[in-house]
Amino acid sequence: MAHLYYYHQLTLEQQIQAQKFSEDVRPEWQCYMVDYRGDVLRGLPLTPLLQTGLVRMADGARAQLAPFHRAEIEFVVRHAIGDWSEMDAEECAPNHLAIENGTAVVSRYALGEIARVYVVTPADRRHTRLIVCLQAGNAAAVH
């Protein structure tokens, strides 16, 4: 049985295999079918539901992602394709309306128990900002 994975979820070896399926698009903009042996079988394009415009993130926030081996593109892709799986239905509903009505879209993703990444695309869709917020009880920093 095959499973689907985002690019960031693949091992380094699988990411190298995935490169052959990413000719016309960045590999992050596809999900990958992986068989039971761990071989990448094919890439499937991810279709954005909204335009994100220019991506903005403070250097300090980017540095906070580094220890987790995470990059902003992962969160931007998930935000743009409507993967709000870490938010409950009440939090997702306004995003569905925002896409239809052209208002701001806000997503939230966990970095373990330590921090949350917020992704915000305003109504004009000219830019998307990523913000890292540490949870209470951790060293205080917001970027």
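These numbered points walk through a predicted model of one protein, from overall layout to single residues.

1. **Layout.** The protein has four helices and seven strands. Read from the N terminus, their order is β-α-β-β-β-α-α-α-β-β-β. Keep that order in mind when you trace the chain.

2. **Overall size.** The C-alpha trace spans about 40 × 40 × 30 Å along its principal axes. The radius of gyration is 16 Å. A compact globule with 143 residues would have a value near 15 Å, so the protein agrees with that expectation.

3. Buried residues make up 40% of the 143 residues. The protein exposes about 8,300 Å². Carbon and sulfur atoms supply 56% of that area.

4. **Contacts along the chain.** Take the contacts with a separation of 6 or more. Of these, 44% are between residues 24 or more positions apart.

5. **The largest nonpolar core.** This core holds 18 residues. Which of them touch the most other members? They are Leu-65, Phe-75, Leu-111, Val-117, Leu-130 and Val-132. Three helices, H2 (59-65), H3 (72-81) and H4 (89-101), each supply at least two residues of this core. So do the strands E5 (105-111), E6 (115-121) and E7 (127-134). As background, nonpolar side chains tend to be buried together in soluble globular proteins.

6. **Gln-15.** Find this residue in helix H1, which covers residues 12-18. Is Gln-15 buried or exposed? Its relative accessibility is 17%, so Gln-15 counts as buried; the cut-off for buried is under 20%. Leave out residues up to four places away in sequence, and Gln-15 touches Tyr-7, His-8 and Leu-10.

7. Most residues other than glycine have a negative phi. His-69 has a positive phi, near 55°. Arg-125 also has a positive phi, of about 60°, although it is not a glycine. Check both residues in the viewer.

8. **Where those two sit.** His-69 is in the loop between H2 and H3. Arg-125 lies in the loop between E6 and E7. His-69 has a relative accessible area of 75%, so His-69 is exposed; the cut-off for exposed is over 50%. Arg-125 has 16% relative accessibility, so Arg-125 counts as buried.

9. **Charges.** The protein has 13 positive and 17 negative charges.

Methods
Residues are numbered from 1 along each chain as its sequence is written. This is a predicted model: local features need pLDDT of at least 70, side-chain atom pairs count only at pLDDT 80 or more; totals for chains, interfaces and linings use all residues. Side-chain values use heavy atoms; hydrogens and water are left out. Buried means under 20% relative accessible area, exposed over 50%, partly exposed in between (1.4 Å probe, protein chains only). Contact means heavy atoms within 4.5 Å. A nonpolar core is a set of buried Ala, Val, Leu, Ile, Met, Phe, Trp, Tyr and Cys residues joined through side-chain atoms within 4.5 Å. The radius of gyration is taken over C-alpha atoms; the globule rule is 2.2 Å times the number of residues to the power 0.38. Accessible areas come from the Shrake-Rupley method with a 1.4 Å probe; for residues, only the protein chains shown count as cover. Lys and Arg count as positive and Asp and Glu as negative; His and the chain ends are not counted. The place of a charge is taken as NZ of Lys, CZ of Arg, CG of Asp or CD of Glu.
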